Amino acid sequence: MMEHGSSKVGAGKDAIGAPTMEHGSSKVGADSHSLPPVTYRGKVRDVYDLGERMLLVSSDRLSAFDVVFGDTIPDKGKILNSISAHWFSLLGDIQHHFISAQTVALPPAFRSPQFEGRAALVKKTQRIDFECVVRGFLMGSGYKEYQAKQTLAGEQLPAGLARGAVLPEPRFTPAVKNDSGHDENIPFAEMRARLPTYADELKAKSLGLFAFAFAALKERGIYLLDTKFEFGLLNNELLLIDEIFTPDSSRFVEIDAYNKAIAAGTEIPTMDKQIVRDYVESIGWNKQPPAPKLPADVIQKTVAQYRKMQEIILSIKPEAISRK
Ligand SMILES: Nc1ncnc2c1ncn2[C@@H]1O[C@H](COP(=O)(O)OP(=O)(O)OP(=O)(O)O)[C@@H](O)[C@H]1O
Ligand SMILES: [Mg+2]
């Protein structure tokens, strides 16, 4: 499951380096508190395999169009980690992987400033290699499919829907996770053929989760346009894993801004790294590595979007939500 071809980080290649933990005046040596090597370095997160558990450490790295940028977005990792942690705390009886994001809950070697606020301790699962995408609106690759075939995940849609239009109902549009990093959208029927035991449950769970977050955000003047979930298996049970409802896994927009954009026929200003995407497209980058350098104001505006979403999401209280 953690084998990711060339992106796998081998033992001993840890670029982070093990910090020496200080307890009072005496330094604790590597034997008791040494940092294990990064097991897998994702585009954004570093993963440490701890046996039955895993530590997901969110960096400030930024990826767009599946390319990791040289520039980082200050505090982005902490923001994402706090957003996911908060959503997991709101999920009630939905089975998920999250254990804690508190420093005190981490293995001693990780209780240091470099991990502070960035680490999530989770249950290790056998990941299901599908992205469970739910779309409430016609955006991105969903809109491209619709333009080409008037379908979404292989299912027919009404004619005449514009880019960004609200869908008659939220749709489950799965993608296969590819080692190359470029995921491939597939019809639901194909997912069911490849994963007969779990496909229907994944679809139902994904649609339920989408409805839950959509309602909570709408009350705060935000539309959740679409989002991506990952699931894993532990003792034959499906657990929601990875990050949830973050600006890296979801598209959010202020409802007022959405309405204005739809009326004017302009781009929908989503609250995420859209600023970066717009900038790199404006300079004609071919979307192949290396990524271009980002101007300071693009970085600042991106941080501001992430912070704004963090503030909104962290204000959601459990009692304010009616869960299905
Ligand atoms: N509870 C879990 N059990 C197993 N794997 C998990 C769990 N939670 C998250 N993961 C995996 O940990 C990795 C987190 O790293 P990150 O999301 O940065 O990688 P990525 O570059 O997006 O790669 P990927 O395409 O594999 O998602 C992902 O591969 C994700 O699927
Ligand atoms: Mg990922």
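**Close-up views of a predicted model**

Figure 1. In strand β14, V166 is the bridge partner of F137. This is a predicted model, in which local features need pLDDT of at least 70, side-chain atom pairs count only at pLDDT 80 or more, and totals for chains, interfaces and linings use all residues. Residues are numbered from 1 along each chain as its sequence is written, and chains are lettered from A and ligands numbered from 1 in the order in which they are written. Helices (H or I, at least four residues) and strands (E, at least two) are DSSP runs, numbered from the N terminus; two strands pair if DSSP finds at least two bridges between them. Three bridges join β11 to β14 (residues 166-172) in the antiparallel sense. Strand β17 pairs with β11 over four bridges, also antiparallel, and F229 of β17 stands opposite C132. Two bridges link β11 to the antiparallel strand β15 (residues 175-176), where A175 stands opposite E131. Of the eight residues of β11 (residues 130-137), seven are buried, so the strand is largely enclosed by the rest of the structure. A residue is buried if 20 or more other C-beta atoms, placed from the backbone, lie within 10 Å of its own, exposed if 12 or fewer, and partly exposed in between.

**Figure 2. An open sheet of five strands.** The strands follow the order β3-β4-β5-β9-β8, with antiparallel pairing. At the edges, β3 (40-41) and β8 (98-100) each pair on one side only. Strands β5 (residues 53-58) and β9 (residues 119-123) are joined by five bridges, and M54 has V122 of β9 as its bridge partner.

**Figure 3. Helix α8 and its buried face.** The buried residues of α8 are I299, T302, Q305, Y306, M309, Q310 and I313. Seen down the helix axis, the buried residues of α8 fall within an arc of 135 degrees (taken from the directions from the axis to the C-beta atoms), so they line one face. On the other side, A296, D297, A304 and E311 are exposed. The cover over the buried residues of α8 includes β7 (67-72), α2 (76-90), β19 (250-254) and α7 (274-282).

**Figure 4. The surroundings of ligand 1.** Around ligand 1 are 20 residues, of which G42, K43, R45, H97 and I241 are the closest; a residue is near if its C-beta atom, placed from the backbone, lies within 6 Å. The elements giving two or more residues to this shell are β4 (45-49), β5, β9 and β17 (222-234).

Terms used. Contact = placed C-beta atoms within 7 Å.
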